[in-house]
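Me: I have a model open and want a quick tour. Can we go through it together?

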Amino acid sequence: GFLLREHVSDTAIAQGVRLPPSLKIHDSEGLVTQCFRLGSETGQPVIFVHGMMDGIAGIQGLQPQLRRGGFRVYAPMRGGYGESQMPANVDQQIEFFVAQIEALMKQENLQHPLLLGHRSGAVFARAAALRLRGRIGGVVGVAPTPPLKQARDYRALRWYQRYLAVCVRFMPSLAPLVLKGWARSVRRRGVSSLVRDQAPRQSKAQRKLQKLDLEALLSLSLSLIMAQGGKGLLADLELAIGDWRDQMIGHVGQTIYLCGSEEALARQKGLYPMVVGAEKVQLRICAGAGDVLLYVCPELVLAALDDL
C-alpha cells in the first residue's frame with residue numbers, strides 16, 4: 001500500500017540509491033536554483049543549508065527520521081552546485097543565497113521556516129537570518145566553521161581542505177585544476193573519506209563512522225558538487241579565506257549552535273563572538289562529535305530543531 005511505498009522510497013533516499021525529488025526556484029533576477037525536498041509533505045518547514053565538502057548527504061541520510069519528526073525540509077543548492085546557476089559576481093555568493101531563500105519562501109509559501117546550517121552552511125544560514133529577521137523561525141548551526149583569517153588558521157584544516165584553501169588564496173588560476181584532481185583522488189580512495197577524514201583518529205566519532213555505509217550517499221553529493229566543475233565550492237572557499245564576521249553582527253532570534261567539545265573554544269573565538277552567550281543564543285557542546293556531528297549524533301540535531 002501507500003505506507004509501504006513511502007517506506008521503500010524513504011529507505012532508497014536515505015541509503016543513497018537515488019537523490020530526493022527536486023524542484024526549480026526562480027529568484028527576482030531570473031536565476032534558477034535546484035532545491036531538493038526531504039522529510040514529510042506537511043509540517044514545520046526547515047531549510048537545510050549545505051556545507052562545501054559533503055553537500056546534502058548528511059540530511060539526506062535522515063529522510064525516515066525527518067518524516068517521522070514532521071519536518072518538511074527544503075535543501076537548495078547554492079550557486080555553482082548541482083544545477084543552481086551562479087551570480088555574475090562570485091563575491092555576491094552571500095547576497096545571492098539570501099535571494100535564493102527569499103524566492104524559495106515565496107514560491108513555496110513558507111511561514112517562519114527554521115534554517116539548519118551545516119559546517120560552512122551555518123555562515124550562510126546566519127546571514128540569511130540577519131537579513132530576513134522576523135520571517136525566519138530560528139537557526140540551528142551544526143559544527144559551524146570559523147573564518148580563515150590568518151595563516152595559522154589553515155593548520156586546523158584537513159590536508160585536502162588546506163591545499164584547496166591555499167590554492168584559492170595564492171594561486172586562484174590553478175584552483176579549478178587542483179579541485180578536479182582532488183575529486184578524482186576522493187573517488188579513488190572512496191568517497192566516504194570526505195567525512196571519515198574529518199573525525200579525529202581513534203575517536204568515538206570515527207568508530208561510529210566506521211559502522212555507517214556512506215559511500216553511495218556521498219557519491220551522489222560529490223557529483224552535485226562537481227556538476228559545474230566545482231564552481232560553487234571555489235566561490236565558497238573565496239568567502240572562507242576572508243573575514244566575514246563583520247557581515248554577521250546582530251541578533252537573529254532563537255539560535256542553537258551544536259559544536260564538538262574539542263573545538264568549542266575555537267568556535268567561540270571564530271564563530272560570531274558577538275552573539276555567543278547573547279539572549280536567545282545557545283552553544284551546545286556535544287562531546288567527541290567534532291566536525292561529523294550531523295552523521296554521528298543526528299538525534300541531537302533533530303532535538304535542536306524540536307526545541308525551536
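Me: Let's start with Arg284. Is Arg284 buried, exposed or partly exposed?

Reply: Arg284 counts as partly exposed, at 22% relative accessibility. The cut-offs: buried is under 20% relative accessible area, exposed is over 50%, and partly exposed is in between, with a 1.4 Å probe and protein chains only. Before going on, note that this is a predicted model, where local features need pLDDT of at least 70, side-chain atom pairs count only at pLDDT 80 or more, and totals for chains, interfaces and linings use all residues. Residues are numbered from 1 along each chain as its sequence is written, and side-chain values use heavy atoms, with hydrogens and water left out.

Me: Where is Arg284 found?

Reply: In strand β8, residues 281-286. Strands (E, at least two residues) and helices (H or I, at least four) are DSSP runs, numbered from the N terminus.

Me: And which residues is Arg284 in contact with, leaving aside neighbours within four places in sequence?

Reply: Ile256, Tyr257, Leu258, Cys259, Ala304 and Asp307. Contact means heavy atoms within 4.5 Å. Tyr257 is 27 residues from Arg284 along the chain, and their C-alpha atoms are separated by 6.0 Å.

Me: Zooming out. How many helices and strands are in the protein?

Reply: 14 helices and eight strands. Of the 308 residues, 56% are buried. Among contacts with a separation of 6 or more, 78% are between residues 24 or more positions apart.

Me: Helix packing next. At what angle do α4 and α5 pack?

Reply: About 65°, with the axes 9 Å apart. Helix α4 covers residues 93-108 and helix α5 covers 121-132. The axes are lines fitted to C-alpha atoms over the stretch in contact, and angles run from 0 to 180 degrees between N-to-C directions. So α4 is roughly perpendicular to α5. The classes are: under 35 degrees roughly parallel, over 145 roughly antiparallel, 65 to 115 roughly perpendicular, and the rest oblique.

Me: Is the crossing of α4 and α5 left-handed or right-handed?

Reply: Right-handed. A crossing is right-handed if the near helix is turned clockwise from the far one by less than a right angle, and left-handed if anticlockwise.

Me: Which residues make the contact?

Reply: From α4, Gln93, Ile94, Glu95, Phe97, Val98, Ile101, Glu102 and Met105. From α5, Phe124, Ala125, Ala127, Ala128, Arg131 and Leu132. By class, there are ten nonpolar, one polar and three charged residues. Here Ala, Val, Leu, Ile, Met, Phe, Trp, Tyr, Cys and Pro count as nonpolar, Asp, Glu, Lys and Arg as charged, and the others, Gly among them, as polar.

Me: How many aromatic pairs does a search of the whole structure find?

Reply: One. The partners are Phe97 and Phe124, with ring centres 5.6 Å apart and planes at 75°, so the pair is edge-to-face. Rings of Phe, Tyr and Trp (its six-membered ring) pair if their centres lie within 6.5 Å; planes under 30 degrees apart are stacked, over 60 edge-to-face, and the rest tilted. Phe97 is in helix α4 and Phe124 in helix α5, so the pair ties together parts 27 residues apart in sequence. Phe97 counts as buried at 1% relative accessibility. Phe124 is buried too, at 1%.

Me: What does Asp236 touch, leaving aside neighbours within four places in sequence?

Reply: Met52, Arg78, Tyr81, Gln93 and Phe124. Asp236 sits in helix α11 and is buried at 2% relative accessibility. Eight of the ten residues of α11 (231-240) are buried.

Me: Now α7 and α10. How do their axes cross?

Reply: At roughly 170°, coming within 12 Å. That makes α7 roughly antiparallel to α10. The crossing is left-handed. Trp182, Ala183, Val186 and Arg187 of α7 meet Ser219, Leu222 and Ser223 of α10.

Me: Is Ser221 buried or exposed?

Reply: Buried, with a relative accessible area of 2%. Ser221 lies in α10, residues 215-225. Leaving aside neighbours within four places in sequence, Ser221 contacts Asp54, Gly55, Ile56 and Ala57.

Me: Last topic, backbone. What is the phi of His112?

Reply: Positive, about 50°, although His112 is not a glycine. Most residues other than glycine have a negative phi. His112 lies in the loop between α4 and β5 (114-118) and is partly exposed at 44%. Ala143 also has a positive phi, about 45°. Ala143 is in the loop between β6 (138-142) and α6 (159-170), and counts as buried at 0% relative accessibility.
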